[in-house]
Structures are given as structure tokens and as C-alpha cells.
Amino acid sequence: MRKVLVLEDEASIRSFVVINLRRAGYDVVEAETGEQALEKLAENPDVSVALLDVMLPDIDGFEVCRRIRANNLEIGIIMLTARSQEMDKVTGLMTGADDYVTKPFSPTELVARIDAICRRVGIDDAEPKSEIRSGPFVLNLDNRSLDKNDQRIRLTQVEFTIMKLFMENPDKALSREDILNNVWGRDYFGELKIVDVNIRRLRMKIEDDATNPQYITTVWGYGYKWGK
Ligand code: CA
């Protein structure tokens, strides 16, 4: 099912939009503030289209749009603007939105616009992502396996979870605490050293030369990163 993020601070408009999208067969994720929208998107990477209201209590819809676009070129973005905000349309399109809908709008119009964006971005029949690719690696999330150049690499569940964390966050420095919390859970009372031990073992399995790692690189005094 195609998933739409609806960012609108006014509860009555939001529920009106949500009800109509659900009726049209969309799965809906709701957000009331810009920050919340960004969090929800991070939690729901399978969102196809984001519907962003411009006037919000925290960061405005254009800024939300800019931040989404900074690392996501695939998602469709539609701005919701008030009739008086003619300039907003231009700004919205400049910041990377694909389309805008002027309030008040009919549910039919809104659904038609979302359908159109889905077709345009070529995600009409997209399957939810079940694998992550990076360089020679393919991480299959369904059977929890890792291939490098089509060769299966045998991983423990912990190693798999670490790989998933890295591959979902390419080029992002992850602190050892981040890795510990994500992989072992926040209630784990062991030592940070467990992270280093697992990374060392993982490097033996996935690097061409574990003494000169190219994929899992060290961020000195901090942690590790996927990529150079
Ligand atoms: Ca608003």
C-alpha cells in the first residue's frame, strides 16, 4: 500500500485529509509539527508522498521540504498553501516540492494530485524495500542475509543488525553509544567495548583487508562510519 505523510497542524483539516486518503486506499502517517514530520519520515522510509502544510507552529513547511529534499530525492512532495499565499507556491517549488494544492481543496482534487505524483515519480507499483544496496553489498531484510559480490557472508544476528544500521546511515558517523543503543538496546548494561569487538569481527568478514578497512571506517575518538 502506498504511504502518505500528512503534515498539518490544524486537527480538523488534518483529519479531513487523512479520512479521505484512507478512503482512497492510502496508508497515512500523521504529523502536527515540522520536527515531528521529519521524525516520522525517518521512521517510515517507505513513505511515497509527503503533504506539507506551509504555516506551522515550529519550522515552516518550506524548511521541512528543504530538509527532506536534502537527503531524499525520490519522495514526492506536495505543499498545502492558503489562497492568499501566491508567493508561497513559487517558494515551495524552489525548495524542491513537486506540486502544491491551494486551500480550500476538494478531497477528489487532493487524491488526484497525489495519484499523479505517485505515477510521475514511478513508484506506482513499488514494493516496500526489502533490500539495501551499497557498493558490492546487498543486505536482504527478508531473509536477513548479506551478499558481497554475490557471495553470501555468514553473519550473526548482532552483526546483521550492525550492518543494517550502517547501510541505512551511509556516510554518517555513528558513535559507539549510538551503535550500542541501536543494536543491543538502551537497557543493555554491558561495556562499549562490545561494539569494538563486534566491529573487528565484522571487518574480518566484510572487508577486503581488515587491517585497512574501506567500508566500516573508524571515526577517531567517536565511533564508526559506513564509507570513507
Ligand atoms: Ca497550518
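Is Asn 149 buried or exposed? At 53% relative accessibility, Asn 149 counts as exposed, where exposed stands for over 50% relative accessible area, buried for under 20% and partly exposed for values in between (1.4 Å probe, protein chains only). Asn 149 lies in the loop between β8 and β9 (151–153), and its phi is positive, about 50°, although the residue is not a glycine. Helices (H or I, at least four residues) and strands (E, at least two) are DSSP runs, numbered from the N terminus.

The model is predicted, so local features need pLDDT of at least 70 and side-chain atom pairs count only at pLDDT 80 or more, while totals for chains, interfaces and linings use all residues. Residues are numbered from 1 along each chain as its sequence is written, and side-chain values use heavy atoms, with hydrogens and water left out. The mean pLDDT of the chain is 87, and 89% of its residues reach 70 or more; pLDDT is the predictor's confidence in each residue, from 0 to 100.

A calcium ion is coordinated by Asp 9 (OD), Asp 53 (OD) and Met 55 (O), at 2.1 to 2.3 Å. Donors are N, O and S atoms within 2.8 Å of the metal (3.2 Å for Na, K and Ca); water is not among the atoms, so sites may look incomplete. The spacing of the donor residues in sequence is D-x43-D-x1-M. The two aspartates link distant parts of the chain, 44 residues apart: Asp 9 is in the loop between β1 (3–7) and α1 (11–23), and Asp 53 is in strand β3 (residues 47–53). Asp 9 is partly exposed, with a relative accessible area of 27%, whereas Asp 53 is buried, at 2%.

Two strands pair if DSSP finds at least two bridges between them. Strand β6 (residues 131–134) pairs with strand β7 (residues 137–140) in the antiparallel sense over four bridges, and Glu 131 stands opposite Asn 140 in β7. These strands form a hairpin with two residues between them, and Gly 135 in the turn has a positive phi of about 55°. A positive phi, near 50°, is also found at Arg 144, a residue other than glycine. Arg 144 is placed in the loop between β7 and β8 (145–148) and is partly exposed, with a relative accessible area of 37%.

An open sheet is formed by three strands in the order β10-β12-β11, with antiparallel pairing. Its edge strands are β10 (174–175) and β11 (216–219), each of which pairs on one side only. β11 and strand β12 (residues 223–226) pair over four bridges, and Thr 218 stands opposite Tyr 224 in β12. Helix α8 (residues 193–206) lies across β11 and β12 and runs at about 145° to β11. Contact means heavy atoms within 4.5 Å; axes are lines fitted to C-alpha atoms, for helices over the stretch in contact, and angles run from 0 to 180 degrees between N-to-C directions.

A cis peptide bond joins Lys 103 and Pro 104, with omega about -5°. Pro 104 lies in the loop between β5 (99–103) and α5 (107–120). Cys 65 is buried, at 0% relative accessibility, and Cys 118 is buried with a relative accessible area of 0%. The count of disulfides comes to zero, a disulfide being a pair of cysteine sulfur atoms within 2.5 Å.
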